[in-house]
Amino acid sequence: MDRYDATEIEPRWQRVWAQERTWEVSNEPDERPDYYVLEMLPYPSGEPHMGHLKTYSVGDAVAHFRRRNGFRVLHPMGYDAFGLNAENHAINTGQHPRESTEASIAEFRRQFRLWGVSIDWSREFATHEPSYYRWTQWLFLRMFERGLAYRKEAAVNWCPKDATVLANEQVIDGRCERCGTVVEPRNLEQWFFRITDYADRLLEDVHQIEWPSNVVAMQQNWIGRSEGAEVVFRNERLGVDYPVFTTRPDTLFGATFFVMAPEHPDVLRCSDSPEVAEYVRRALTESAEERGAEDREKTGVALGATVTNPVNGEQIPMY
Ligand SMILES: [Zn+2]
């Protein structure tokens with residue numbers, strides 16, 4: 001038997017697939033049922049690694065399996081080109097981010113073809129192209145017009161030297177990963193989406209999706225609806241009312257303290273103590289999992305301020 005000669009056989013078939021556009025599908029339906037295969041889109045920073053080969057060869061096997069079983073399979077490719085990875089890659093290579101991103105995309109494309117992944121290349125896109133992000137902007141404007149996107153103050157990680165907001169992943173041991181400066185919390189206007197408006201509909205419709213029951217339960221807990229009452233605690237000094245949701249309004253007479261989320265903008269208004277700023281800074285750099293861990297000891301620092309308990313008029317301390 002002849003030895004398998006990859007350098008002769010593979011380029012020959014890659015040429016055939018490119019010439020006959022084997023993996024392209026039209027927008028017009030035909031008699032076959034549709035099937036959509038999408039691995040997550042890669043971040044084009046640097047070159048593909050073994051993790052990419054693993055992910056896209058598994059997806060490719062699924063695509064081929066469905067084709068052999070009579071499905072019309074759409075297996076597209078795109079690049080998630082904005083964000084931290086692209087930014088850091090440009091800083092590391094000293095290139096303009098467009099150049100480093102597009103060089104990286106060219107390398108991904110070359111290797112995907114080399115691996116023989118059955119992609120419909122006629123649909124390739126990258127999120128940094130104006131032809132793509134004009135649609136994310138269009139979507140954002142529709143949400144803004146309907147009041148679903150809004151600005152609100154919240155505490156963020158701030159590097160005073162780089163004069164920029166940092167993602168949690170960019171804060172290492174409380175310091176900026178780029179310049180090593182100690183990160184500080186700062187109140188800034190942020191964009192938020194009013195996703196809670198959809199909580200009831202999401203909860204009702206989650207049963208219509210064919211997902212494993214543990215994933216459905218995870219979604220239900222994440223949306224998290226519970227029945228209860230809203231009561232208002234007032235901070236007289238700031239003149240601010242804090243509506244608080246409780247499932248047990250009968251226990252309000254026993255309330256002995258009032259806790260603010262560390263990123264609440266009023267925390268830094270209530271107190272200018274360095275201890276409070278340090279606590280907020282630490283909390284901001286922790287992951288949601290770390291902060292929410294059930295078995296974890298509860299911590300907090302006194303703000304030196306009080307709110308009025310609405311059921312008995314008592315002043316209780318804020319943390
Ligand atoms: Zn910095």
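Here's a quick briefing on a zinc site, some helices and a pocket in this structure. Keep in mind that this is a predicted model. The chain is split into domain 1 (6-134), domain 2 (146-194) and domain 3 (195-225). A zinc ion is held by C159, D162, C176 and C179, and the largest pocket has a volume of about 470 Å³.

**The zinc site**

- Four residues coordinate the zinc ion: C159, C176 and C179 each use their SG atom, while D162 uses OD. The distances run from 2.2 to 2.3 Å.
- What makes the arrangement tetrahedral? The 4 donor atoms subtend angles of 96 to 116° around the zinc ion, so the arrangement counts as tetrahedral.
- If you walk along the chain, the donors of the zinc ion turn up with the spacing C-x2-D-x13-C-x2-C.
- Is C176 buried or exposed? C176 counts as buried because its relative accessibility is 3%, which is under the 20% cut-off.
- D162 has a relative accessible area of 30%, so this residue is partly exposed.

- How far apart are the C-alpha centres of domain 1 and domain 3? They lie 31 Å from each other.
- Helix α5 covers residues 130-145, which is 16 residues. From its first C-alpha to its last, α5 reaches 22 Å, close to the 22 Å expected at 1.5 Å a residue.

**The largest pocket**

- The volume here comes to about 470 Å³. There are 22 residues lining this pocket, and the closest to its centre are P262, Y279, R291, R296 and T299.
- Which helices each supply at least two residues of the lining? Those are α9 (274-284) and α10 (288-292).
- Helix α9 gives the most to the lining of the largest pocket, with 5 residues.

**A look at P274**

- You can find P274 in helix α9.
- P274 is exposed because its relative accessible area is 66%, and the cut-off for exposed is over 50%.
- P274 and L148 are 126 residues apart along the chain, and their C-alpha atoms are separated by 36 Å.

Definitions and conventions:
Residues numbered from 1 in each chain as written. Predicted model: local features only at pLDDT ≥ 70, side-chain atom pairs only at ≥ 80, totals over all residues. Heavy atoms only, no water. Donors = N, O, S within 2.8 Å, 3.2 Å for Na, K, Ca; no water. Tetrahedral: all angles 85-135°; square planar, octahedral: opposite > 155°, others 65-115°. Buried < 20%, exposed > 50% of the residue type's maximum accessible area, 1.4 Å probe, protein only. Domains from an automatic or database assignment. Helix = DSSP H or I, 4+ residues; strand = E, 2+ residues; numbered from the N terminus. Expected span 1.5 Å × (residues − 1). 1 Å grid on protein atoms, 1.4 Å probe; cavity = no way out; pocket = protein on both sides within 12 Å on 5 of 7 lines; lining within 4 Å. Points joined across faces, edges and corners; volume = space filled by probe spheres on them.
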